[in-house]
Amino acid sequence: MITLGIDTSCDDTSVAVLGDDGVYANLVSSHLIHAEFGGVVPEFASRAHTKLLYPLLELALRTAGISLDDIDLVAATAGPGLIGSLLCGLSFGKALAQASGKPFIAVNHLEGHIWSLLLSNPSLRPAFLALLVSGGHTELIMVRDSFDYTEIGATLDDACGEALDKVGKLMGLGYPAGAAVERLAVRAESPAALPRPNPKGLDFSYSGLKTAARNYLTANPATPAADLSAGLQEAAFDHLVDRVSRAVKEFDVRQVGVVGGVAVNNRLREKLSAAGRKVGFELYLPLPELCTDNAAMIAAAGRARFGTFGPSAFDVPAFDRASFAERPASAAS
Ligand code: KG4
Ligand code: ZN
């Protein structure tokens with residue numbers, strides 16, 4: 001079975017071709033225009049998606065060495081994300097499926113991120129705990145069985161990646177800043193001391209850390225960017241490790257997966273591996289190219305869901321915001 005995946009949830013346009021024996025193509029085009037503005041400008045994102053989708057489809061088919069006729073299923077992200085952006089990829093996927101007589105499946109972007117883990121670790125089976133940590137989300141999800149997701153913790157304010165991006169912007173690192181923060185942090189000599197967030201239970205909070213970093217910079221304007229970056233990473237990631245460790249104990253789970261754009265970060269991977277040895281869980285990670293937004297994970301989630309639940313209706317709507325708990329499914333039914 002060959003699945004075409006489409007993701008336009010935010011500021012990356014991605015088209016992928018997934019076969020039974022692996023990923024044939026997974027093309028991602030990130031919109032550089034947003035860097036000028038220090039954040040995503042939704043209208044520019046929609047225009048870029050509209051321009052990029054068709055050429056990316058052609059290139060993905062060529063890379064995979066197939067034609068449209070060979071596709072058995074079209075999968076596209078329905079939400080959550082920027083509504084204008086989502087509508088571009090969702091409408092494109094629906095139109096393509098309808099015009100070519102193929103079945104269509106709408107995918108929840110967050111379920112897609114979880115599938116990045118399963119694509120990278122085919123032997124992984126539920127139950128496992130998934131930490132989703134990206135620019136738009138910071139959540140803990142218990143995956144008890146296939147398609148059985150329970151959100152057990154989520155950010156009360158900003159996402160972890162958003163905090164890295166916003167503090168990075170203060171340091172003039174451009175947008176998004178997570179990768180630059182990681183590169184700088186390696187060169188730190190005296191990491192800035194920043195407070196660890198500590199909201200109740202299994203929830204997360206990052207807005208206080210963002211403010212603390214800004215105040216630190218105001219009080220210590222000569223702080224090298226490397227030191228602030230390292231201090232920021234330590235505080236941000238200790239908070240993630242603390243919640244994961246608590247959840248592992250509370251839910252007595254032995255497998256933990258980390259997904260989303262921030263999961264590519266080596267310092268976070270190191271810290272979580274150390275916690276795994278201490279607390280007693282095995283850590284599963286997606287391949288680096290499957291951490292940030294991509295359509296291969298959407299194709300994988302769509303194929304699995306289609307196999308169990310069948311296709312989506314062509315009038316399935318896009319949705320901008322919804323927690324995983326509210327909308328775990330593909331919004332298909
Ligand atoms: O999953 P993703 O591509 O998009 C969302 O769904 O949000 O994640 C993007 C986030 C951004 O906040 C970006 O700064 C962060 O992932 N990121 C990183 C790294 N590379 C990307 N954060 C830390 N270290 C990195 N190397
Ligand atoms: Zn994402």
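1. Buried means under 20% relative accessible area, exposed means over 50%, and partly exposed lies in between (1.4 Å probe, protein chains only). Thr-8 counts as buried because its relative accessibility is 1%. Thr-8 sits in the loop between β1 (3-7) and β2 (12-19). Its contacts (heavy atoms within 4.5 Å) include His-49, Ser-85 and Cys-88, not counting residues up to four places away in sequence.

2. A note on the basis. This is a predicted model: local features need pLDDT of at least 70, side-chain atom pairs count only at pLDDT 80 or more, and totals for chains, interfaces and linings use all residues. Residues are numbered from 1 along each chain as its sequence is written, and side-chain values use heavy atoms, with hydrogens and water left out.

3. Now the sheet. Strands are DSSP runs of E with at least two residues; helices are runs of H or I with at least four. Two strands pair if DSSP finds at least two bridges between them. Here 5 strands form an open sheet in the order β3-β2-β1-β4-β5, with mixed pairing. β3 (22-30) and β5 (104-108) stand at the edges with a single partner strand each, so one side of each has no neighbour in the sheet.

4. Look at one pair. β1 and β2 are antiparallel over 5 bridges. Asp-7 stands opposite Ser-14 in β2.

5. Next, the zinc ion (ligand 2). His-109 (NE2), His-113 (NE2) and Asp-293 (OD) coordinate the zinc ion at 2.1 to 2.2 Å. Donors are N, O and S atoms within 2.8 Å of the metal (3.2 Å for Na, K and Ca); water is not among the atoms, so sites may look incomplete. His-109 lies in helix α3 (residues 109-120), 184 residues apart from Asp-293. Both His-109 and Asp-293 are buried.

Note on methods:
Chains lettered and ligands numbered in written order.
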